Amino acid sequence: MRRALEVAAACAAHGDVPIGAVVLRDGEEIAAAGNERELRGDPTAHAEVLALRAASAAVGTWRLEGCTLVVTLEPCAMCAGAVVLARVPRLVIGAPDPKAGFVGSLGDVVRDPRLNHRADVAEGVLAEACGEILRAFFRDRR
């Protein structure tokens, strides 16, 4: 999670909400990304999606079996869906997102028994630090 926080911190330089994501395989980082919606002008350029794309390129397949996605903020519906579609077996979350999160807050896509894949989830990892980087970003914008 500390690495995801480092990646998140770099987002503010280009005006993006500081969210970071890291993909690990066998305990080693294979991909990392931060939000780039503003930078790319792309509504789908969330940290999780970019990290999953980079991880797929690194391993040579869209199936990210054996990988862990670590993200500083609870994923939205799109990103939670991407976790399921990429077959990521483990998801580690920092801060909850009661306004847009879909891993327990507004819904729970990654653990929905109706889907063909479910992820194990660890929540609240360095939650205070993950929440503070977001609070500071928005405080500076006001």
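Helix axes here are lines fitted to C-alpha atoms over the stretch in contact, and angles run from 0 to 180 degrees between N-to-C directions. Helices (H or I, at least four residues) and strands (E, at least two) are DSSP runs, numbered from the N terminus. We're working on a predicted model, where local features need pLDDT of at least 70, side-chain atom pairs count only at pLDDT 80 or more, and totals for chains, interfaces and linings use all residues. Residues are numbered from 1 along each chain as its sequence is written, and side-chain values use heavy atoms, with hydrogens and water left out.

**Exercise 1.** Work out how helix H3 and helix H4 pack.

*Solution.* 
- Start with the general idea: two packed helices are described by the angle between their axes and the distance between the axes.
- For H3 (residues 47-59) and H4 (residues 77-85), the angle is about 25° and the axes are 9 Å apart.
- That makes H3 roughly parallel to H4, since the cut-off for this label is an angle under 35 degrees.
- Now pick out the residues: Glu 48, Val 49 and Leu 52 in H3 meet Met 78, Cys 79, Ala 82 and Val 83 in H4, with contact meaning heavy atoms within 4.5 Å.
- Sorted by class, this contact has six nonpolar, no polar and one charged residues. Here Ala, Val, Leu, Ile, Met, Phe, Trp, Tyr, Cys and Pro count as nonpolar, Asp, Glu, Lys and Arg as charged, and the others, Gly among them, as polar.

**Exercise 2.** Is Gly 131 buried or exposed?

*Solution.* 
- Locate Gly 131 first: it sits in helix H5 (residues 127-141).
- Gly 131 has 10% relative accessibility, so it counts as buried; the cut-offs are under 20% relative accessible area for buried, over 50% for exposed, and partly exposed in between (1.4 Å probe, protein chains only).
- E4 is mostly covered too, with five of its six residues buried.

Note on methods:
Parallel < 35°, antiparallel > 145°, perpendicular 65-115°, else oblique.
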